[in-house]
Structures are given as structure tokens and as C-alpha cells.
Amino acid sequence: MAGALRRRGVTIERPPSHGMGPLAAVHSPDYLAFLETAWSRWSALPDAAEAVIPNVHRNTDMAEYPRGIVGQAGWHMSDTACPIAEGTWEAARASADTAVQAALLVASGETGAAYALCRPPGHHASRDMAGGFCYLNNAAIAAQAALPILAGRGKQPRAAILDVDVHHGNGTQAIFYERDDVLVISIHADPAEFYPFFAGYAHERGRSRGQGYNLNMPLPIGTEEAAFLAAVAEAGAHLARYAPELLVLSLGFDTYAGDPLAAFKVTTPGFAKLGALIAGFGLPIVVVQEGGYDREALAANLDSFLDGFGEPSP
Ligand SMILES: [Zn+2]
């Protein structure tokens, strides 16, 4: 994907470290300490496996935080798709720093749009739990980092997150579920039959102050490109009513028809239509890369998205 950006003549910047502050504004102290120390603590166990992968998980009627690394792994990891190995913490931090840097550039008005090439992705990570290849919630961290800058303009800050990855952004939803300063909209495959299964239903509209500020738009497995794009246009109408000062787009390319996880049938030219629709919202935007697992097609799909979005080609 970086190759596709370079071929377009896009300047790629490595983000500086923004420290723990932006992460701690979204994630719990216990969880961050776990992520930072998990690999070294795990690898010190006798006969340690090559990566931290729990075989026991926290349940709804289990509420005691364990002291040891094996129990903490189960507490903080909702599935087995988030192995922690040497370098995982550093990679997750660099990914989050990328999103923060993009958010700061856009929130400060330095640019109207920035693309954060985040790996690993983030939208399944909640305040204190990894899941679905996600450790730190890059999109949530970006939105949260932007808010103080937006507030500096003298009014109640308003940001929005639109998640167009094929999976529901359950971590993002959970983080902002009781808040009205970040509207969260997710378009995704129906969780009745698709990961993350336990969240992403249309009736989940937020709680207390956040009531009405969470919108899920599940679509059936097998959804065609036109229906997906129609849902994005409908999300745009909701965004227009909320009128955020900044939009974070959780962009997944796993809606692609050829994706190994695909539930939707978006074509490569379809991502140009998606880009054009998003650009048409007319909002300052931070694009955060989420999923996308057809490695052969990722570059072409990003290229197509940027074509439609209106980024100059060489
Ligand atoms: Zn996904």
C-alpha cells in the first residue's frame, strides 16, 4: 500500500511518537500496562509458546482481575486473533501514533485530509480488550486527540467516526457509547452471522448522554456494491445533520468482492465511488486504515479510493 502511495507521488511521513497520553485518553491503565509487558512476562514462563494467545477468556459473570500473565491475557483478549509477540506493542504504538499525527494535522487545519496507513488495525479494540487483529483503537484515539484542538475554537467540539470496514467497529462503539461528542456510525455485515457477533445490531443506539449518537447499519451477507454505497450515502445524510467539525473514516478494504473474509461485493472501481461519496461530505477528514486481507488487491483498491476521493495522480 505504501508502494501505491509512492507511485501516486504522495509524500509519506513517519509520525513522531506522541507518548502515552493519547492512548491513555481512550484505553485503561491496566490494559496499556498489559500490552506493554505481556510479551516479556509471557516469554519468561517455562515452556512459553511463541506468542501470547489465551486459552481462557473473561466471561460476563467473572469480575476479578488476575495478577498473572496467563489470566490477564484471557481478561484483555476477546478472541485468539490477537497474538502478542516480540514487537507487537511497538507496532501497535506506531500504528496509533500514525492516526494521532493525521488527526492533529487535520484538526489544526494544516490539511483538509490525511490518510493514516495503520497496521495493525484498531476498530475492534475496546477500552480494555484486544480482538479481531486490533490492539489499540486507532480511530478512537485519533478522534479523542482531535477534540481538545476543536474545543479550542470556543464551542462544544463535535467529531464523528464513520466505519465502512466489512466488520462492525465494536471497540469504537463501546468507547463512545455513552458520549454525545463523537457520533459513531458503522456500516457492516450483519453480526447475526458475522464477526464480531455480539455487537453491531441496529437497535444499539447509545446510552445515557450517548443515546442517539451511535448508529449501526448492518447489511446482509452478499450485499452488492450499489446497496453498500447507498448505505454510505445514507450515513452521509446523518453526518450532515450532526455537522461534525472533523470526520474519522475507518476504512476497510475487506468489503472487496475478492477478500478472503468478504461478505460484500465491492469492486475495485467501486472504491473510487466510495472515495467520491466520502469527499462529497465536505468534511475535514482523517482516513484510518482498518482491515483488508486480499494482499494482491490492496494497493489497487487504495489507489481507486484515492482516485475517487480526488487526490491528485502523477
Ligand atoms: Zn474488517
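This is a short tour of one structure, stop by stop. The model is predicted.

**The whole chain**

The protein has ten helices and six strands. Along the principal axes, the C-alpha atoms of the protein fill a box of roughly 55 × 45 × 40 Å. For 314 residues, a compact globule would have a radius of gyration near 20 Å, and the 19 Å of the protein agrees with that. Buried residues account for 52% of the 314 residues. Of the contacts with a separation of 6 or more, 75% are between residues 24 or more positions apart.

Now look at the angles. Asp165 and His167 are both buried.

**Phe197 and Phe198**

The structure holds eight aromatic pairs. For one of them, select Phe197 and Phe198: the ring centres are 6.4 Å apart and the planes stand at 55 degrees, so the pair is tilted. Are these residues buried or exposed? Phe197 is partly exposed, with a relative accessible area of 38%, while Phe198 counts as exposed at 78%.

**Tyr213 and Tyr242**

Move on to Tyr213 and Tyr242, an aromatic pair that is edge-to-face, with 5.9 Å from centre to centre and 70 degrees between the planes. Where do the two residues lie? Tyr213 is in the loop between strand E3 (182-189) and strand E4 (214-219), and Tyr242 is in helix H8 (residues 225-242), so the pair ties together parts that are 29 residues apart in sequence. Tyr213 counts as partly exposed, at 26% relative accessibility. Tyr242 counts as buried, at 6%.

**Two charges over rings**

The charged end of Arg158 sits over the ring of Tyr242, 4.1 Å from the ring centre. For the last stop, select Arg58 and Trp75. Here the charged end of Arg58 sits over the ring of Trp75, 4.2 Å from the ring centre.

How values were computed
Residues numbered from 1 in each chain as written. Predicted model: local features only at pLDDT ≥ 70, side-chain atom pairs only at ≥ 80, totals over all residues. Heavy atoms only, no water. Buried < 20%, exposed > 50% of the residue type's maximum accessible area, 1.4 Å probe, protein only. Phe/Tyr/Trp six-rings, centres within 6.5 Å; stacked < 30°, edge-to-face > 60°. Helix = DSSP H or I, 4+ residues; strand = E, 2+ residues; numbered from the N terminus. Lys NZ or Arg CZ within 6 Å of the ring centre and 35° of its normal. Rg over C-alpha atoms; globule rule 2.2 N^0.38 Å. Contact = heavy atoms within 4.5 Å.
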